[in-house]
Amino acid sequence: MAEASGLTLIQKDRLDPLNATTYGTGELIKCALDAGCKKIILGIGGSATNDGGAGMASALGVRFLNADGDELAPGGGYLQELDKICIEHIDKRIYETEIIVASDVTNPLCGSTGASAVFGPQKGATPEMVEHLDRSLSHYASKIKEQLSISIRDFPGSGAAGGLGGGLIAFLQAKLKPGIDIILDLIDFENEVKKADLVITGEGKTDIQTSYGKAPMGVGLRAKKHGVPVICISGSLDQGHENLEKHGICAFFSIMDKPQSLEVAIENTDRLMEETVKTLWNYISYLTGKYIPLLL
């Protein structure tokens, strides 16, 4: 979904979480249906949106109406005006298709750990916008419960991608599965890790959000089952990364070698990563008392 409704598609000064929509993600799903797909694995995350998946559902035929019977304007900021949800014209092929959602978070739709509060600020939401969006999603969840008899407000993962997780559950009968589990199963990680003495994982930024189910946590948990230590190398470390210690990660390293802007760090990522890995490898060689060749 990030290729259609993602943060990387918008310049930082143009982020607009009140009006951003997942409509393009719905169009991608429709294209997959048109191509004859009967099983869709949809990766969600990295979104610029906070519309609860309403835009996605609209692209597939669902109508969202206000009290006057008019279509709601796109974007999460308008969901508080929702009065009626019409699913009569939803693309019926959805019900013949298995929809699996690959997500890396378990956040609920609303509240202090919900879509708006946790992920809204990185999409440009001010504190006032966060409150507005959270109220809108709460109202949206109430209408879905009232009219479709589906509860998404507190469902784990419903807050992923600005609430897209919840919308996929409500309208597409999707099944949410940790994205990292899908990948680890695909590469037969469970058997491979048994042969390892050490696992190295990482991501762009490791913080409290990582312990909600992102990739390093998934790797750590599976390695922990087999007593294999895990080291996490990330672009940066922030508050809350230490929570991952209980999920199998025993050490954390940031590749940042000095204070610098994000833009400069990104330009020098290759060099910073190489230097960090070399330093770590030399230290491991020292601790083990034997030289371990490293090819970069």
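I take buried to mean under 20% relative accessible area, exposed over 50%, and partly exposed in between (1.4 Å probe, protein chains only).

**Entry 1: conventions.** I note that this is a predicted model, in which local features need pLDDT of at least 70, side-chain atom pairs count only at pLDDT 80 or more, and totals for chains, interfaces and linings use all residues. Residues are numbered from 1 along each chain as its sequence is written, and side-chain values use heavy atoms, with hydrogens and water left out.

**Entry 2: strand 4.** I looked up the cover of strand 4 and found it mostly covered, with 5 of its 6 residues buried. Helices (H or I, at least four residues) and strands (E, at least two) are DSSP runs, numbered from the N terminus. Two strands pair if DSSP finds at least two bridges between them. I find strand 4 (residues 98-103) joined to strand 1 by 5 bridges, and the two run parallel. Strand 4 is also joined to strand 5 (residues 175-178), by 4 bridges, and this pair is parallel as well.

**Entry 3: bridge partners.** I followed individual residues across these strands. L42 has V101 in strand 4 as its bridge partner, and G43 stands opposite A102 in strand 4. A102 in turn has K177 as its bridge partner in strand 5.

**Entry 4: strand 1.** I checked both faces of strand 1 (residues 39-43): I40 and L42 form the covered face, whereas K39, I41 and G43 lie on the uncovered one.

**Entry 5: G26.** I located G26 in helix 2 (residues 23-34). G26 counts as buried because its relative accessibility is 0%. Leaving aside residues up to four places away in sequence, I list M56, A59 and L60 as residues that G26 touches; contact means heavy atoms within 4.5 Å. I also looked up F253, 227 residues from G26 along the chain, and the two C-alpha atoms are separated by 38 Å.

**Entry 6: the whole chain.** I record 11 helices and 10 strands in the protein chain. Buried residues make up 46% of its 296 residues. Among contacts with a separation of 6 or more, 69% are between residues 24 or more positions apart. The C-alpha trace spans about 75 × 40 × 30 Å along its principal axes.

**Entry 7: surface.** I note an accessible surface of about 15,100 Å² for the protein chain, with 54% of it belonging to carbon and sulfur atoms; the areas come from the Shrake-Rupley method with a 1.4 Å probe, and for residues only the protein chains shown count as cover.
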